[in-house]
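Keep the viewer open as you read.

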Amino acid sequence: MPAVGSAVLVGMADIQVIKGSGQLSCLGLGSCIGLCGLDPIANVAGMVHVMLPQAFQNKGEAKPGKFADTGVPALIAEMLKAGADRGRLRFAMAGGAQVFKFSANTESKLDIGARNAQAVQEVIRSLGLRIIAHDTGGSVGRTVSFTTETGIYTVKTVTSGETTLCNLRA
Amino acid sequence: MASDLTLGLMELSAVREMTNIGLGHATTALSQMTGKAFNMSVPDVESVALEQIPDLLGGGEARATGIYMPIEGDVSGHIAFLMNWESTLSLWRMLLGDAPWDPSQITEMEASALLEIGNIVNASFLNALSEMTGLSMHATPPYLAIEMSGAILDAIVVEACYSEHYALSIRTSITDYEGSMEGFFLYIPSVGGLRTIFKTLGIAEAA
């Protein structure tokens with residue numbers, strides 16, 4: 001059952017869907033992505049906290065939210081189950097940073113963040129859907145928050161505080 | 001199953017003892033470099049799903065420093081040393097006599113001082129473990145992040161979950177006696193690596 005009228009924290013690899021008013025947040029995203037979807041008419045919102053681009057081939061994985069390729073479709077399925085209409089869905093995402101920006105090792109880069117952002121973008125596109133706004137990459141950690149009533153998706157960083165990325169109701 | 005980790009009392013206490021000694025070495029290395037005495041807590045050893053680590057460690061939004069190294073060898077895994085921003089400033093003052101005013105103004109010198117500290121501290125830990133078990137554990141070059149503490153843990157967990165989704169998290173905090181600096185270690189040995197350790201030590205894994 002979707003949660004109603006509450007503030008919900010979306011932990012790593014989690015998918016959370018709320019119907020009606022409420023708030024969804026991912027705290028301290030590094031290379032992970034916080035993808036948020038909204039159906040503004042049905043008032044169904046959902047968020048997934050993606051950790052990696054693709055599910056492993058040879059391992060069973062209990063949490064589909066962990067990967068972009070399984071997490072995005074699972075988020076959409078959960079939202080539809082809660083009464084959302086596929087054609088009205090709109091998305092925003094943030095995260096996918098490379099927080100370990102200093103290294104003595106110039107060859108290897110921990111660039112999984114960029115690949116995560118790209119993977120989420122590709123899955124959304126392949127499903128014929130669209131990400132309205134995104135704030136990804138760079139080296140900053142982000143806390144993201146979405147409020148269903150206002151439709152506002154905010155991004156908070158340690159240097160610039162909280163800023164509005166977009167309004168999914170606009 | 002392959003990815004699950006059920007540890008009995010025997011295994012847990014072996015790990016705690018081993019890491020306690022390893023961390024003792026690491027703390028000594030840090031004392032030698034900074035000229036300060038540090039107090040180290042007994043390691044908390046927990047068998048957790050990787051995804052729980054940021055919550056367990058209170059991954060917050062405050063600025064912190066993380067020095068992270070992947071480990072290769074017989075016992076692969078991940079090791080990190082983390083501290084809050086105030087402690088980072090103290091550490092810089094101890095090492096360089098000065099600290100940057102603004103985190104965006106960190107010089108190469110200041111970054112490499114932290115990388116070097118992480119390198120030495122983490123390597124002393126691994127050397128001690130290697131000596132005790134006779135197994136190889138090599139730290140690869142360190143990475144440094146100065147960011148939201150939650151985001152640093154998030155990035156480490158993501159690196160770890162490439163190969164594992166369940167692990168042992170070993171945390172210890174260290175503080176100096178003046179209270180100007182505190183930090184903690186996070187050690188995530190691979191499940192396969194842990195099995196190798198137990199086999200070498202002659203401890204049968206709990207069924």
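Predicted model: local features only at pLDDT ≥ 70, side-chain atom pairs only at ≥ 80, totals over all residues.

A:Gln57 is exposed, because its relative accessible area is 79% (buried means under 20%, exposed over 50% and partly exposed in between, with a 1.4 Å probe and protein chains only). You'll find A:Gln57 in the loop between β6 and α1 of chain A; helices here are DSSP runs of H or I with at least four residues, strands are runs of E with at least two, and both are numbered from the N terminus.

Residues are numbered from 1 along each chain as its sequence is written, chains are lettered from A and ligands numbered from 1 in the order in which they are written, and side-chain values use heavy atoms, with hydrogens and water left out.

Now for A:Ile131, which sits in strand β9 (residues 131-136) of chain A. A:Ile131 counts as buried because its relative accessibility is 8%. Setting aside neighbours within four places in sequence, A:Ile131 has contacts that include A:Leu35, A:Phe91, A:Val120 and A:Ile124, where contact means heavy atoms within 4.5 Å.

Two of those partners, A:Val120 and A:Ile124, also turn up where α2(A) meets α1(A). Helix α1 (residues 68-81) and helix α2 (residues 112-126) of chain A pack at about 45 degrees, with axes 9 Å apart. Axes are lines fitted to C-alpha atoms, for helices over the stretch in contact, and angles run from 0 to 180 degrees between N-to-C directions. That angle is why α1(A) is oblique to α2(A): under 35 degrees counts as roughly parallel, over 145 as roughly antiparallel, 65 to 115 as roughly perpendicular and the rest as oblique. On the α1(A) side, the contact is made by A:Ala68, A:Asp69, A:Val72 and A:Pro73. By class, this contact has seven nonpolar, no polar and one charged residues (Ala, Val, Leu, Ile, Met, Phe, Trp, Tyr, Cys and Pro count as nonpolar, Asp, Glu, Lys and Arg as charged, and the others, Gly among them, as polar).

Over in chain B, helix α1 (residues 9-34) and helix α6 (residues 191-201) pack at about 95 degrees with their axes 11 Å apart, which means that α1(B) is roughly perpendicular to α6(B). Here B:Glu11, B:Val15 and B:Met18 of α1(B) meet B:Leu194, B:Ile197, B:Phe198 and B:Leu201 of α6(B).

What about the backbone? Most residues other than glycine have a negative phi. A:Ala13, though, has a positive phi near 70 degrees, in the loop between β2 (7-9) and β3 (15-19) of chain A. A:Asn43 is not a glycine either, and its phi is positive at about 55 degrees.
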